[in-house]
Every structure is written in structure tokens, then in C-alpha cells.
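Hi everyone, thanks for making time for this. I'd like to talk about charged side chains and how they pair up.

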Amino acid sequence: MSASRPKRPCIPRQQRPRARRCAICGSTKEMQEHHLGGRKHAAHFTITLCRVHHEAVHIAITRAGVNMERTSDTAERARRARQAAYVFLWFLDEAIQSQP
């Protein structure tokens, strides 16, 4: 006969504390939330990055010529958010390919 262990309450995924690690390098130091589509265009669409990668992604977005200024045109805001997200995805892909 095995002793029964008390069941732990099920905590919904969104209520569990999440590990704050950089999505690119896995670091846990100097964590920041990056707005994938820009804070002014898609404020709720975020990912955790370390400070170094957060700054590097912003530089890549600037160099790609993505206009991150706010606009009242919702279609243009969506286009700018997509462009910024595409640059992030390219940056992520490059980082993954360069890992050993």
C-alpha cells in the first residue's frame, strides 16, 4: 500500500510566477520587458530580455528604419508594430543560429 500525498492546488498558468529570463540568452540579470510591436503601437505584446539584448533589439529596429512614433491611424500603427516584431524575430533567428 502506498501512502497518498496531499494534492497541491492547481494554479492556473497565468497566475504562476514566471521565470524572468532573457528570451535570447537565458540570462537572469538586468531583466526588462520589451514591447515587441513598440509601446506606442502594441503595449500588451511583451517579451523578457536582458538589458544588453533589449538595447541591441532597439538598435536593430532603428537601423531597419521602423518608425516607432505614435500615430492615430490604427492601420499604420498595426503596420509599424508588425515591422518592429519582424525585426525582433530576425534578431532572434540570428542569435539562435550563432549559438554553438
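This is a predicted model: local features need pLDDT of at least 70, side-chain atom pairs count only at pLDDT 80 or more; totals for chains, interfaces and linings use all residues.

Let's start with Arg 51, which forms a salt bridge with Glu 30; their closest N and O atoms are 2.9 Å apart. Now, where do these two residues sit? Arg 51 is in helix H1, residues 51–63, while Glu 30 is in the segment before strand E1, residues 31–35. The pair therefore ties together parts that are 21 residues apart in sequence. As for the surface, Arg 51 is partly exposed at 27% relative accessibility, and Glu 30 is exposed at 51%.

Next, please find helix H2, which covers residues 74–97. Glu 76 meets Arg 79 there in a salt bridge, at 2.7 Å from N to O. The two residues are 3 apart, about one turn of the helix. Glu 76 also forms a salt bridge with Arg 80, with 2.9 Å between the closest N and O atoms. Arg 80 and Glu 76 are 4 residues apart in helix H2, again separated by about one helical turn.

Are Arg 80 and Glu 76 buried or exposed? Both are buried. Arg 79, on the other hand, is partly exposed, with a relative accessible area of 35%.

Key. Residues are numbered from 1 along each chain as its sequence is written. Side-chain values use heavy atoms; hydrogens and water are left out. A salt bridge is a side-chain nitrogen of Lys or Arg within 4 Å of a carboxyl oxygen of Asp or Glu. Buried means under 20% relative accessible area, exposed over 50%, partly exposed in between (1.4 Å probe, protein chains only).
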